[in-house]
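Please open the structure in your viewer and keep the selection panel at hand.

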Amino acid sequence: TTKESIGETVDYKITGIDPGAGIMEATDRAINDYALEDWTVVTGSGAAMTAALKKAYDKEEPIIVTGWSPHWKFAKYDLKYLEDPEGSYGGAEEIHTIGRLGLGDDLPEAHAILEKFNWEQEDMAEVMVEAIDGAKPEVAAQNWIDKNEEKVSAWTEGVEKVDGDKIKFVYVAWDSTVASTNVMALVLEDMGYEVEMLQVEAGPMWTAVADGSADVLLAGWLPITHATYVEKFEGKFEDIGTSMVDVKIGLVVPTYMDIDSIEDLK
Ligand code: PBE
């Protein structure tokens, strides 16, 4: 008998997430760059992806998922990124805070805080792990804030409290984005804001900030992941600041799989 190819063992399927995610566009690029025309990328959601991963992992079955860091899955499972010699997924990415035009004039205190907002991957992972272990996201976020007063006060230092000004966040149900949005919502609430958090899909998230119907999004992954959105809405938003560096997207597999590179999928 001949050894089954990796493709055969996973039915030539890559488990993706929601269609508007930048990582899905990057995965289409990878299919093209590595000539993987026999493969399909299954769309779903972040939650469906992690459910499929858990199911396969528990049985030590092969699976290939679209993955990103920071993410709690790396704390829960032994996983590895497939090497990407073609660079379909870019390299070190950054998470940018993206605001609507005029935010600095209308809500200068919030703008000042958002400008200084930056934290480490371990911080975000801590919030995410606590949430996946059963805490409500806002509880996990508040616990992190309570343990990290110095980091939070570096963002709010010198900024005066406001009296019930309204600010609206848009976010996607990606666990990493849920974590950051909950933390910043609580920080701004503590500074006197009345915060609204609206969960949407990736395209509508960028559209809402670009057309001014929302104030801010915290999940602008640049320069590659959201390049298409940045180009589409050029001149219609403000890149307020970088909240995290050295983040990453790619294809992720359990370490028990005997495969190292996207090239091995051919
Ligand atoms: N992600 C998490 C998003 C950005 C944040 C990597 C799933 C995306 O692919 O667009």
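Which residues does Val 216 touch, not counting residues up to four places away in sequence? Select Val 216 in this predicted model: the residues it touches are Thr 97, Ile 98, Gly 99, Leu 103, Leu 114, Phe 169 and Val 209.

At least three residues of the core come from each of domain 1 and domain 2.

Now colour the chain by domain. The domain assignment gives domain 1 as 6-91 + 249-265 and domain 2 as 94-247. Their C-alpha centres lie 27 Å apart, and the contact takes 17 residues from domain 1 and 20 residues from domain 2. On the side of domain 1 that touches domain 2, helix H2 (22-33) and strand S3 (65-69) each supply at least two residues; H2 has the largest share, 4 residues. By class, this side of domain 1 comprises 8 nonpolar, 7 polar and 2 charged residues.

Finally, select helix H8 (residues 137-147) and helix H10 (residues 175-190), which pack at an angle of about 65 degrees with their axes 9 Å apart. Their crossing is right-handed. Display the side chains where they meet: Pro 137, Glu 138, Ala 141, Gln 142, Trp 144 and Ile 145 in H8 face Val 178, Ala 179, Asn 182, Val 183, Leu 186 and Val 187 in H10. The residues of this contact divide into 9 nonpolar, 2 polar and 1 charged.

Definitions and conventions
Residues numbered from 1 in each chain as written. Predicted model: local features only at pLDDT ≥ 70, side-chain atom pairs only at ≥ 80, totals over all residues. Domains from an automatic or database assignment. Contact = placed C-beta atoms within 7 Å. Axes fitted to C-alpha atoms, helices over the stretch in contact; angles between N-to-C directions. Left-handed = near helix turned anticlockwise from the far one by under 90°. Nonpolar A, V, L, I, M, F, W, Y, C, P; charged D, E, K, R; others polar.
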